[in-house]
Amino acid sequence: MSSGTAMVEVRGVHKRFGRLEVLRGIDLDVRPGTVTVVLGPSGSGKSTLLRAVNHLEKLDRGYVRVDGELIGYRRVGDKLRELPEREVLKQRTRLGFVFQNFHLFPHLTVLENLVEAPVGALGVPREQARARARELLTRVGLADKADEYPRRLSGGQQQRVAIARALALEPKVLLFDEPTSALDPELVGEVLDVIKDLARTGTTMIVVTHEIGFAREVADTVVFMDGGVVVEQGPPAQVLDAPQHERTRAFLAKVL
C-alpha cells in the first residue's frame, strides 16, 4: 500500500524501555474508513504501538503520520524534532484513545465527561458541546445516564461512555487499547456492539484486543505481533484461518 492512501502510516518505529526493545522496526498502514485489529501475546508490543501512534510514548526511531501529518515531531532538515507539549495535545484531539480502564473523570457526570474536551481543547461553545454529547450518548445506548456519575455505572456502561467521549472530539482515527479486558464476560458484548456499529459507519480504527471472534467479524486487516515485530498481517480469512507463519499458528492454537 502506498503511504498516499493511508490514514495512519507507521514507519520503522523502534521503542526501548531500558535494555528491553519493545518495538523493533514496525511498519504499518491503515487505510481511511477501515478497521485494523492487532493481536498477539502479552508483551508483544501491541499497546506500546498504539501509544506510539498518538505520542503517549516517544519514539526512539521511525515516525508516525496521521492523514499526512507527522505526530509528535516536525522535520528540520534530515532530523525530527519533538513538538512542544501544547502542539502534541492539539494533535491528540484528532486521535481518539479508548483505554482498557475507562479513565473517566469520577467527579464529573457522564454528560460533563463528554463536554469538557470539546469545550476546553477545541473551543466548542458549551451548549453545542452538550447537544453533541447527548447525541453520542443516545448512539451508545446511554441517553438515560447523562446525569449519573461514573461510579454508578457498570464497567460496560463506563466503557461505552469512554467511547462516546472519544467521539466527542470528532477524531480522524479511534485507537482502542484492549477495550474489553477489564470487563466481566457478560458485559463484553455491549461494548463490542458499539465498536461494530462504528465500523459499519466507516470510522477508521485500530483495535488492540484478544477477541478473535470480533477480529474475524469486523476487521479489514488483522495484524499479528510477537517480540516487538509484525509477524504477519492481512485479511482475517488469511491470518486467522490460513496463517503463513509458525508463530501465528502457535498463538491461535492456544486462544481458539
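Analyst: Let's start with the word itself. On a 1 Å grid over the protein atoms alone, a pocket is an open set of points with protein on both sides within 12 Å along at least five of seven lines, while a cavity is a set of points where a 1.4 Å probe fits but cannot get out; lining residues have an atom within 4 Å of a point. Rolling a probe the size of a water molecule over the atoms shows where empty space is left.

Two notes on the source: this is a predicted model, where local features need pLDDT of at least 70 and side-chain atom pairs count only at pLDDT 80 or more, while totals for chains, interfaces and linings use all residues. Residues are numbered from 1 along each chain as its sequence is written, and side-chain values use heavy atoms, with hydrogens and water left out.

Now to the pocket. Its lining is made by 20 residues, and R92, F97, A117, R165 and L169 lie nearest the centre. Two or more lining residues come from each of α2 (85–92), β8 (95–98), α3 (110–122) and α5 (155–168). Those labels are DSSP runs numbered from the N terminus, helices being H or I with at least four residues and strands E with at least two. The volume comes to about 510 Å³, counted as the space filled by probe spheres set on the points, which are joined across faces, edges and corners.

Where does the pocket sit? Domain 1 (8–94 + 172–253) and domain 2 (106–170) both give residues to the lining, so the pocket lies between them. Those bounds come from an automatic or database domain assignment. The two domain centres, taken over C-alpha atoms, are separated by 25 Å. Across the divide, 14 residues of domain 1 are in contact with 15 residues of domain 2, contact meaning heavy atoms within 4.5 Å.

F102 isn't a glycine, yet its phi is positive, at about 75 degrees. Most residues other than glycine have a negative phi. F102 counts as buried because its relative accessibility is 11%; buried means under 20% relative accessible area, exposed over 50% and partly exposed in between, with a 1.4 Å probe and protein chains only.

Stepping back to the setting, the protein has nine helices and twelve strands, and 52% of its 256 residues count as buried. Its C-alpha atoms fill a box of roughly 50 × 50 × 35 Å along the principal axes.
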